[in-house]
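Visitor: I'd like a close look at the charged side chains here and how they pair up. Could you walk me through them?

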Amino acid sequence: MNAQEMYEKMKARLDKVVPDVELRIKAELAAQIVNLKQEKNAVILGHNYMEPALFYSIPDFTGDSLDLSRKAAQTDKDVIVFCGVRFMAETAKILNPSKTVLLPAEKAGCSLAASITADDVRALKAKFPGVPVVSYVNTYADVKAESDVCCTSSNAAAVVESLHAETVIFLPDEYLAKNVARETGKHIIFPALTPSPSPAGSGEQLEYQLIGWRGRCEVHEKFTVKDIEAVRAQFPDVVILSHPECSPEVVAASDFSGSTNAMIRYVQQTKAPHFLLLTECAMGDNIAAANPEKDMLRLCMVRCPHMNTITLEDTLNALKLNRYVIEIPEEIRLKAYRAVERMIQIG
Ligand code: SF4
């Protein structure tokens, strides 16, 4: 594909979202990436939070974490380039040990994944012996390896319920855990990891059914009920959608809460004068590009610094220089694989 063909493809979708002067430069980069992708027998996966010019040009597949995990599990390509953050690229590697998995920006981390270590999970398991551990997919491989099953925001409640356990350890997002607790009718606690006798072993009556951790997404935690009230005062007929990593108060004040894919479907299927998404701002741009008839309001004062490090330039360099290669020790990968595969089976 040449740069002009790429420009025309991108313009058809991004005409009202990206100015022409930028589109020309990005089309040039995107055309080089697509050609190199074919040469290297690579597949590119793009998360819903990628900026519009990248999102609508180079990925073979776009979607949320669960979608992209499934695509990663099915690919027959030699190289997987993950336009997302490190824990997502790690998940692709967990599912595809023989393939080269590349993350275009070395420092594309995540505040949730960084909030908990494998030692923390081992300490929780020691404190609550026999209690199954559900880890959000936004965790690193060694934390997944200590878990019984993973989940995403789209299947968190279903995963918890699939365990048929009286009590479940749910890590690491405090707000997602509280939202799941509300949805599944469970009582939640956030224990301190001080050395104390195990309540599970002491025979005392457990008053809780979900054991959480105080990790937060540095983007979603910043949206407030006041933000919602201010937007509703200005646009009384706005429909507000929030991600379940937002606080339970924000979720309760919204009209809909769901994973990024669920939010996209909701906007596509709903008629409203205005929509506001409480999630990474780029997703509003991507929905607006695909649905020009929808009026998408955006609160862009909060951005994910990690997702925003992934650029077309970095992706081109990733393919050119074979960087940054994701490696996971095999004993950790095998244990993490069980938890991820179990999640994919639940769907
Ligand atoms: S938006 Fe939040 S959960 Fe997603 S990568 Fe950024 S910090 Fe992590």
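Predicted model: local features only at pLDDT ≥ 70, side-chain atom pairs only at ≥ 80, totals over all residues.

Visitor: To begin with, is aspartate 15 buried, partly exposed or exposed?

Guide: Aspartate 15 is partly exposed, with a relative accessible area of 42%. Its salt-bridge partner is lysine 11, and the closest N and O atoms of the two are 2.7 Å apart. Lysine 11 is partly exposed as well, because its relative accessible area of 26% falls between the 20% and 50% cut-offs. In general, side chains of opposite charge can pair when their charged atoms come close. The count for this model comes to 17 salt bridges.

Next, have a look at helix α9, residues 174–184, where lysine 178 and glutamate 174 sit four residues apart, about one turn of the helix. Their side chains meet in a salt bridge at 2.9 Å, N to O. Lysine 178 is partly exposed at 28% relative accessibility, whereas glutamate 174 is buried at 3%.

Helix α16, residues 330–346, holds another pair: arginine 333 and glutamate 330, three residues apart. The closest N and O atoms in this salt bridge are 2.9 Å apart. Here arginine 333 is buried, at 8% relative accessibility, while glutamate 330 is partly exposed at 40%. Elsewhere, salt bridges with shared partners join Asp119, Arg122, Lys125, Glu146 and Lys335 into one network.

Finally, turn to lysine 127 in helix α6, residues 118–127. Lysine 127 counts as buried because its relative accessible area, 12%, is under 20%. A polar atom of the lysine 127 side chain lies 3.4 Å from the backbone oxygen of alanine 192.

How values were computed
Residues numbered from 1 in each chain as written. Heavy atoms only, no water. Helix = DSSP H or I, 4+ residues; strand = E, 2+ residues; numbered from the N terminus. Buried < 20%, exposed > 50% of the residue type's maximum accessible area, 1.4 Å probe, protein only. Polar contact = N/O pair within 3.5 Å; in protein donor to acceptor, adjacent residues only side chain to side chain. Salt bridge = Lys/Arg side-chain N within 4 Å of Asp/Glu carboxyl O.
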